[in-house]
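Me: I would like to go through the terms used for this structure one at a time. For each one, give the value, the cut-off and the conclusion.

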Amino acid sequence: MAITPPSNRLWWKEPIQAIELGWVIIAFLWGLFMFFFMIAWHFIGDQNLSNETYRITPEAFEDKVVAFAEEYQKKDANGEPVEEAGVPVVVPPEGGDVYMLARLWEFWPVLELKKDVPYRFHLSSTDWQHGFSLQPTNINISVHPGYEHVFTLTPTGSGDFGIVCNEFCGIGHHSMTGRIRVVE
Amino acid sequence: MTSIEHGAVPAAGLPAEFRTCRFTGLRIEKNAETLIKANAVTAVVFLMLGGLMGLLVALTRWPAVQILPAEWFYLMLTGHGANVLLFWIIFFEIAVLYFASAVLLGSRLAAPKLAWLAFVLMVAGALMANYAVLRGDSSVMFTSYPPMQASHWFYLSLIIFAVGALLAVVLFFATLVIAKAERTYDGSVPLVTFGAITAGIIAVFTLASGAIILIPTWLWSVGLISGIDSLMYKVVWWGMGHSSQQINVSAHVAIWYAIAAMVLGAKPLSEKVSRMAFFMYILFLQLASAHHLLAEPGLSSTWKIVNTSYMMYLAVLGSLIHGLTVPGAVEAAQRRNGYDKGWFEWLTKAPWGNPAFSGMFMSLVMFGFIGGISGVILGTEQLNVLMHNTIYVPGHFHGTVVAGTTLAFMAGTYLLVPLLFQRDIIWPTVAKWQPYFFGLGAGGISMFMMGAGTLGVPRRSWDISLTDAPHVFEFPAAAYLMMGLNGLSAILAAIGGVMFILVIVATILAGPKLVGPDAKLTFPLHDKGREAVSTYGSEAHPKLPGTIVLVTIFFTCFVLYYFVNWKYLSELWLFN
């Protein structure tokens, strides 16, 4: 029994049952497959999280995002800068660098991107850790202060997308959102 | 000169008090027995506290109910994590370790006074943590990621608790040494003890990881260190946070084997394979830190792939092996017991009215199908981006830790209490139904949270309607439905939890005494319970058609669900 010492003292010399051996082999091969499939997806897939990260002070990153937002803020017909809920709407150049800042408790600024155009996305936090959760496409990336995460992002759908914070960041956590608009 | 030293190195020949259990034939030492009781009862107290907090959390996340205000919600969620994931489970595991060493090996417990010191430290740490959380300035969640800072009491309490637990694990190893030296058993340790050793080794690694990161974090909270790097913290912290869950896996797998042995007379199909599967946990489970770090910046894909897969899924292989050998051992034993008809008589005629068996089997099935499969999906480098930090993650670990570990521990308690307290289960009908309430509730919690997570619902969030948010986003109606069903499941699980606590506490206090040679257990052990079953490999040529069918169903679900998720992933925006 499993609660008594093995009655055969040389238990390690007993042959393995065929059914067990068969399952061990199948399970082992399935594990190998899953392992190599992760590697393979880096070559055959289009969804792989970038490893490109730079150390940066929160202040320096904030300066970059503010400069980016000022330079490319959307203007309406009268030449007035466009805002949404008090947050500037920014239209970055196609295929260019895009900056987004996570802080207590907003994702800043609002971005307007073109469908099927790859952007170089820069993401960091200026205070605590946050979670960038793009909805409803459900892409979820952690955001750290002090680390500037750079990845290429290509929207494949158009319309309004929400960003919801999914890393707990204090009492305002559940009201921390942002927006990305994708136009055709 | 101090009494502690005296306890640590008992004089040779110091008489230890033993009694022989009438039902199992096990030799039980008094100190071991008392300490097992103390740790197990304390565990149940924290289960009660943490479970109540969990119910409030689930009812708050039910959008139509939202019972707590935001501040209290985050406070309760922090307390829930600490009380159930750390205190309930680790107190119980210490009881399991003492049982698997002293009781199963018929040995005395090493240094009982130090074991009491360990117990006192753990109780002090656990109480202090609750004090820190209830003060209201430590609502930082179980993970306490910096730069968010809790009260220094919070970190200190966890350190004290970890030191106590570490001491208890050391005494477990010391007891093994004593049993070996005093030749209280013959040959190799039993499989269940082997599983407990696995849990103990992993516990040392994980508790050390916890200490390594929490000590500087505590120093930071009292102002002696200027800052804690957020990414470094996560890498080391998860060496405790996730790797420690593998203590639970080892412990509850050991309990599966123990219950199958005690209730059905089951023995492993082959000692070699089952022990090898445990051994794989020791070799690879410490890599599990990566499972919560797949969506982080600053860590390379190579590191993520090697670690998250436990080096080519070799630890997953260990669990997959137990997934065959545990039901296989049950089937072989039942066929030997005379339930040999057709493919599934062994299962249909199993003692489903015995809460130890029903709880154990439901734990096995749900741990595999819900917790296990979702864990591998979450732990796949790319697929993780689909669910990272959504409520899918708590869905996964309620499948492992609640439907798996907690249910298995409850099932084990139905055996331990009559044997240790020598009182019979007081309300058999309540006990009989309890695992079904709790199991169904826990399964529901896991499945509905996973469903909601698939729809993007974030974890640890007070309000998914985002009413106070600057930019509104509407989650689909199905997400609200799932969160409501999650709340209902939590009520069901809470009813099961209350039933468990009532039955166990009442049994301990007032259960019918099992005295006299005629005393019988309401939920009987297997007749062969006290005999060593003939030779090994008497399951020499087991026919296990039922197990083959079950494992085939499991494997098919696993493979299908795996590829369905790759299909979802391929439809996301492109990122690299």
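Reply: Start with burial: a residue counts as buried under 20% relative accessible area, as exposed over 50%, and as partly exposed in between. The model is a predicted one.

Me: Why is Glu84(A) called buried?

Reply: Glu84(A) has a relative accessible area of 19%. The cut-off for buried is under 20%, so Glu84(A) is buried.

Me: What makes Arg181(A) and Glu84(A) a salt bridge?

Reply: Their side chains meet at 2.7 Å, N to O. The rule asks for a side-chain nitrogen of Lys or Arg within 4 Å of a carboxyl oxygen of Asp or Glu, so the pair qualifies. Arg181(A) lies in strand β12 (residues 177-183) of chain A and Glu84(A) in strand β2 of chain A, so the pair ties together parts that are 97 residues apart in sequence. Arg181(A) is buried as well, with a relative accessible area of 18%.

Me: Which residues are linked with these in a network of salt bridges?

Reply: The network links Glu84(A) and Arg181(A) with Asp160(A) and Arg179(A).

Me: How do you know that Lys74(A) and Glu112(A) form a salt bridge, and which parts does the pair tie together?

Reply: The N to O distance is 2.7 Å, and the limit is 4 Å, so the pair counts. Lys74(A) sits in the loop between α2 (58-72) and β2 (83-84) of chain A, and Glu112(A) in strand β6 (residues 110-114) of chain A, so parts that are 38 residues apart in sequence are tied together.

Me: Are Lys74(A) and Glu112(A) buried or partly exposed?

Reply: Glu112(A) is buried, at 11% relative accessible area.

Me: What makes Arg120(A) and Glu52(A) a salt bridge, and how is each residue classed?

Reply: The closest N and O atoms are 3.2 Å apart, within the limit of 4 Å. Arg120(A) has a relative accessible area of 32% and is partly exposed; Glu52(A) is partly exposed too, at 29%. The salt bridge between Arg120(A) and Glu52(A) joins strand β7 (residues 119-125) of chain A to the loop between α1 (18-44) and β1 (53-55) of chain A, so the parts it ties together are 68 residues apart in sequence.

Me: Why does the pair Glu167(A) and Lys234(B) count as a salt bridge?

Reply: The closest N and O atoms are 3.6 Å apart. The pair counts because the cut-off is 4 Å.

Me: Why are strand β10 of chain A and strand β3 of chain B called paired?

Reply: Strand β10 (residues 147-154) of chain A and strand β3 (residues 574-575) of chain B share two bridges in the antiparallel sense. Pairing needs at least two bridges, so the two strands count as paired. Phe575(B) in β3(B) is the bridge partner of Leu153(A).

How values were computed
Residues numbered from 1 in each chain as written. Chains lettered and ligands numbered in written order. Predicted model: local features only at pLDDT ≥ 70, side-chain atom pairs only at ≥ 80, totals over all residues. Heavy atoms only, no water. Helix = DSSP H or I, 4+ residues; strand = E, 2+ residues; numbered from the N terminus. Buried < 20%, exposed > 50% of the residue type's maximum accessible area, 1.4 Å probe, protein only.
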